[in-house]
Structure formats: C-alpha cells, structure tokens
Amino acid sequence: MTSVTDDLPLAADFPKATDADWRKLVDGVLKGAPFEKLIGRTYDGLKIEPLYPRAKGAALVAGRSAAAPWQIMQRIDHPDAVAANAQALTDLENGATGLSLVFASGNGSHGFGLEPTADAVAKVLKDVHLDAGIGIELQVGQESRMAAIHVAEYVKSNGIDPAACDIRFGLDPLAACAVWGSSPYNWEEIVPAVTGGIKGLAALGFKGPFASADGRVIHDAGGSEVQELAFALACGVAHLRAIESAGVPLEAAQGMVYARLAADADQFLTMAKFRALRLLWARVEAACGLAPKPLFIAADTAWRMLTQRDPYVNMLRATMATFAAGLAGANAITVLPHTLALGLPDPFARRIARNTQLLLLDESNLAKVSDPAAGSGGIETLTAQLCEAAWALFQESEKAGGAFAALQQGLFQGRVAAARKARDASIAKRRDVLTGASEFPNLHENEVTVLKATPVALPPYGEAKYKFDALVPIRLAQPFEALRDKSDAALKVSGKRPSVFLANLGTPADFTARATFAKSFFETGGIQALDSEGFADPARLAAAFRASGAALVCLCSSDKVYAEHAEAAAKALQTAGARHIYLAGRPAEAEATLRAAGVTGFVFAGVDALATLQDAYVRMEQA
C-alpha cells in the first residue's frame with residue numbers, strides 16, 4: 001500500500017533545494033556581511049549554526065517509560081504547616097501528582113520553606129495518602145537536614161509500607177555547601193553521616209532515590225549549561241563513591257542517586273541539556289561496569305529567569321521551560337509560581353503553576369512521543385557539544401579531587417562568575433531580553449497579590465570551618481528592577497516619577513520609530529517618557545520642554561532630520577535649562593558637533609542601557 005508521504009506530486013514539480021541555493025539567498029540578504037554573523041554562541045562558547053541537516057540514524061535518548069507522563073510536582077513551601085497542608089490537598093485534588101516539600105534553608109527555598117520538625121512534617125502530610133502513587137520530593141539544606149528523618153519516621157509511625165511510597169529524600173550536602181559557601185566538616189567527615197542515613201532509610205524499606213545531584217545551584221547563580229551539567233555529574237559520582245564505600249554494591253547504589261536541573265525559557269538549550277545529562281550519566285555507569293539505566297531527572301523551572309516586574313510574563317517563561325523539559329524526558333517537573341520573586345504565591349499563582357503542566361500533558365499530549373528531538377540536526381549537535389564540554393569540565397573536577405575539593409579550589413565558582421559577567425553584560429545591553437523588565441516595561445502595572453507569612457528562622461549549622469566562594473542565587477532582572485524601585489520610591493514621596501521629555505523633531509513619520517524606542521529605553525529604568533508633537537521651531541520645542549517639568553530630554557527623529565535640525569534643537573534646549581540631553585540613535589561622524597551643541601548621551605540598540613540609566617539617575621540627583 002502506498003502511503004500519502006510516498007506520493008507528493010506537488011513537491012515533485014519543484015526543483016530540489018540544496019545548501020548552495022540557500023546560501024545564495026542568504027548572501028543576498030547579508031549584502032556583503034560575513035556569513036559568521038548568523039552563527040550564534042552559547043555562554044560556553046558553543047556554536048549554534050543557522051541551519052542544520054537532519055541527523056540520520058540518531059538513537060532515542062532513554063528517559064521516561066514510553067508514553068508515560070512526568071510527575072506534576074507542586075511546590076509546598078508555606079512556613080505554616082497547617083496552611084501548607086491545605087495547599088497540598090488542594091493541589092492533589094486538582095491535578096498534581098506529586099509534592100515538592102521545600103524546607104527552610106533548602107537550596108531552592110528562596111526565602112520561605114517548612115519548619116524541619118517532626119510536628120511540622122506530621123501537619124503538612126496529614127491526610128496525604130503517601131502510598132497512593134503520589135511523588136514526594138524533599139528539598140533540604142544544612143539547617144533542615146533532619147527533615148528527611150522526620151518524614152521517614154512519620155511513614156513508619158502511621159503504619160505505611162515504605163516500599164509503597166515514592167519519596168526522593170533529596171540528601172545533597174555538596175549543593176548545600178556550594179550555596180552557603182562553607183561547611184563545618186570536610187567531605188571525608190560528611191560521607192559517613194550521609195551514607196549512614198541512606199543505608200538506614202534503605203533498611204527501613206524505602207526504595208529511594210536518596211541522594212540528589214543538584215545542578216540548579218549552578219544555574220541559579222548565573223552559570224552556564226556546561227557548568228550545570230559538570231557539577232551535577234561531579235556530585236552524582238561523589239555520591240556513588242560514598243555509597244559504595246559504605247558497603248553498598250554499585251548495582252544498588254545506582255538507583256539511590258538522582259539529579260535535579262533547572263529548565264529555562266531557552267527551549268533548545270534546555271532540551272539539549274536534559275538529553276546530555278542522560279548520556280553523560282550513562283557513560284559514568286558504563287565506566288563503573290554497570291548496565292546503564294535511565295537516570296531520574298527532576299526539573300524546576302528556573303529561578304533566575306523570574307521577574308518581579310510584569311510577573312505575568314513569568315507564566316510564558318515557565319510554559320516554555322516546562323515544554324522543553326517535558327519533551328526532553330524529565331521525570332518530574334516543578335513549576336515555580338509566577339509571583340514567587342515577589343513573595344509567597346497565592347492560590348491563583350499556584351493554580352496557574354499546576355495548570356501549566358496539566359495543559360501541556362492533557363491537552364497538548366507532550367508525553368505521548370518519546371524523545372521527539374531525536375534526529376533533529378540542531379538539537380543533536382548541541383547535545384553532543386554539551387556532552388563533550390561538560391565531560392571535560394567534570395574531568396577537571398575529578399583531577400581536583402572531586403566535587404568538594406573543586407569547590408574548595410574555586411573551580412566551579414570561577415567559571416560561574418565568568419559566565420555571569422558575560423550574561424550580565426548582554427542583559428545590560430539588552431541583547432538578552434527580559435520582557436517586562438529590560439524591554440517593553442509597563443510603569444502602570446497593577447500590584448499582584450502574595451500571601452503574608454513569616455519565614456522560618458533556623459539556627460546556623462555548626463561552625464564554618466571550611467570556607468569558599470558561595471554560589472549565591474540571583475535573578476537576572478535585579479539590576480533593572482532596582483532602578484524601577486527608585487522610581488517607585490520617588491513616586492511615593494513626590495507624587496511623580498523621574499521623567500524624560502521626548503523632543504520629537506519633524507513629522508510622525510520622522511520621529512515615531514525612535515520615540516517609541518526611547519520611551520521603552522527610559523521606562524525600563526522607571527524614567528517616565530513624556531511624549532510630544534513634532535517640532536520644527538527650536539523655540540517652541542524649548543518652551544514645550546520647560547512646560548513638561550522633566551529633568552531629562554531626548555531628541556527623537558530620523559538621521560536626515562538630525563542632520564538639519566538636531567544641533568539647533570540641542571542648543572535651544574540647553575538655553576532653556578536642559579542639562580542632560582540625549583539623542584536617540586547612533587551619532588556617527590556628527591558626535592563631536594552634537595556634543596558641542598549640548599547633547600550629553602546617545603541611546604541606541606546595543607548601548608549599555610543599564611549603565612546609561614544608572615548614570616541618568618546620578619545626573620538627576622546632581623541637578
């Protein structure tokens with residue numbers, strides 16, 4: 001029988017497309033610019049070509065069971081255990097299939113979290129049927145490490161069969177040390193305590209996994225995909241070695257370790273990263289003489305991509321991140337609610353986080369296809385590049401003495417700092433766009449609702465005998481948000497925001513494009529743009545500026561109009577009292593003339609927007 005795809009008479013009427021044909025069309029668009037202009041690079045320096053052929057013969061990367069959905073995890077982090085229990089029951093009744101119990105001081109607590117006591121554990125798990133197929137994941141830190149023991153004791157004291165529970169205990173001292181930048185003990189002293197806990201839990205009948213290799217701490221601190229993979233790999237291997245050293249056969253230890261990764265809005269990099277970790281871990285298993293088994297990978301949507309401003313855009317970012325992690329075979333996904341950067345999420349934010357996954361699973365059926373990226377030239381190439389680079393960095397950490405020694409020597413921290421510096425520079429220049437924060441701001445957005453709660457305060461865990469640079473979680477939008485906070489403070493005190501007068505020259509056809517750009521540029525920093533009609537008369541322009549009461553002014557028009565009127569307009573504005581005059585556009589050869597006429601700065605695509613806006617506040621404070 002001939003299938004539809006075997007008979008395409010319409011396609012047969014067209015000549016076969018070739019790479020040469022495509023390059024000819026591209027060269028016509030580039031108009032002499034080098035082809036390399038179309039080649040992107042990741043923050044690890046990996047090349048991303050504009051076009052890839054199909055990767056023939058590519059094998060599936062084994063992940064979840066065929067057509068099996070990932071666990072829809074819901075974050076439980078309310079400091080009040082009774083309130084947290086009510087949230088958990090609501091989540092489970094409305095589609096969640098797992099709970100991520102976040103305890104205070106945990107790596108992903110972000111300021112909140114449960115109290116790590118037996119009483120709090122009992123309250124939060126009340127009426128939760130742990131033996132009914134519900135996934136439970138613990139996020140604990142140095143100060144909340146006993147929470148895992150309390151959960152195990154709760155299971156036993158309630159007569160629940162540990163083997164019937166699906167609990168990932170999240171024991172992760174390496175990631176905790178990395179976040180806090182210190183440890184009371186060295187790795188040799190930590191190992192007996194951790195492996196003793198793991199063996200004890202296994203002896204009670206829990207099937208695990210118990211130890212987590214948490215790459216999120218690298219991502220949260222601004223690191224790259226290669227660094228995140230290498231750190232997760234180093235931690236996983238350290239756990240394997242530790243468990244084996246405690247007398248557990250490697251075949252049993254293999255299932256006691258799982259991984260956590262961050263999923264962000266870069267769809268292709270996220271998919272390639274998750275696929276790469278599975279391949280890298282399979283290489284570790286093979287090196288250990290083990291038959292490879294698919295590594296359990298839990299995903300959190302990325303903390304660092306959340307914005308406080310226009311937080312509803314966080315829903316879109318989370319959707320892309322969940323989409324990518326789900327297609328790449330993540331076993332469990334936790335969506336951070338879109339208001340988490342502002343405070344403890346309310347029921348609406350929690351419902352949206354839950355429903356993001358339900359829609360992708362139940363309506364889009366994303367889990368029905370196993371590894372849909374297999375054979376995609378671009379993703380296969382990127383996966384291979386990540387594997388090669390991450391393995392090399394992992395080998396460096398091994399030469400340093402393992403994950404803990406690498407942290408002591410600053411191996412990971414130095415690379416993370418370099419990646420963050422490069423990323424910060426791209427964000428400052430708005431090459432990496434944070435919608436609602438660094439681009440397309442809304443100065444009139446309504447406040448969102450978050451819950452009021454007092455975070456749990458825990459005593460420090462021991463003396464910090466071993467100190468090293470901490471991998472502190474950051475959010476990429478924070479520098480721009482700090483400027484918006486200044487604007488809000490001024491509005492609260494004086495009733496108005498800092499403002500810039502848009503001195504539009506000529507007709508709307510001349511100034512609209514650059515006036516629109518300037519408005520977005522300045523309002524990104526909380527400086528309200530005051531629009532105006534087009535002016536040809538410098539005197540009328542100067543009068544309109546004086547009437548606006550703005551501290552700053554920005555000339556907006558076309559290059560042609562600038563050549564004829566910008567100099568006179570700038571002089572008139574300066575005479576009218578304008579001390580800080582910007583011009584929207586690149587000055588080119590006219591810069592010296594314009595500066596002599598009174599222009600003090602230029603705003604254009606690619607300029608360091610953050611530095612320009614910070615300087616604008618300094619200028620206004622000096623006025």
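Two residues are taken to be in contact when heavy atoms lie within 4.5 Å of each other. The model described here is a predicted one.

Contacts of this kind link helix α19 to its surroundings. This helix spans residues 538-548, and its buried residues are L541, A542 and F545. Viewed down the axis of α19, these buried residues fall within an arc of 95°, and they therefore line one face of the helix. They pack against three elements: the strands β15 (499-504) and β17 (552-556), and the helix α20 (559-575). The face of α19 turned away from the buried side carries R546 and A547, which are exposed.

Both ends of α19 show local features. At the start of the helix, a side-chain oxygen of D537 comes to within 3.2 Å of the backbone nitrogen of A539. At the other end, α19 is followed by G549, and the phi of G549 is positive, near 75°.

A second region concerns the packing of two helices. Such a pair is described by the angle between the two axes and the distance between them. Helix α12 covers residues 313-327 and helix α13 covers residues 347-363; the two pack at an angle of about 35°, and their axes are 10 Å apart. The crossing of α12 and α13 is right-handed. On the side of α12, the contact is made by M315, A318, T319, T322 and F323, while α13 contributes F348, I352, T356, Q357 and L360. Of the residues in this contact between α12 and α13, six are nonpolar and four are polar, and none is charged.

The remaining features concern the backbone in loops. The peptide bond from G208 to P209 is cis, with an omega near 5°. P209 is located in the loop that runs between α7 (187-204) and β8 (211-214).

H110 is not a glycine, yet its phi is positive, at about 50°. This residue belongs to the loop between β4 (98-102) and α4 (118-124). The cut-off for a buried residue is under 20% relative accessible area; H110 has a relative accessibility of 18% and therefore counts as buried. For D127, which is likewise not a glycine, phi is positive at about 70°. D127 is placed in the loop between α4 and β5 (135-139).

Technical notes. Residues numbered from 1 in each chain as written. Predicted model: local features only at pLDDT ≥ 70, side-chain atom pairs only at ≥ 80, totals over all residues. Heavy atoms only, no water. Axes fitted to C-alpha atoms, helices over the stretch in contact; angles between N-to-C directions. Helix = DSSP H or I, 4+ residues; strand = E, 2+ residues; numbered from the N terminus. Left-handed = near helix turned anticlockwise from the far one by under 90°. Nonpolar A, V, L, I, M, F, W, Y, C, P; charged D, E, K, R; others polar. Buried < 20%, exposed > 50% of the residue type's maximum accessible area, 1.4 Å probe, protein only. Arc of directions from axis to C-beta. Polar contact = N/O pair within 3.5 Å; in protein donor to acceptor, adjacent residues only side chain to side chain.
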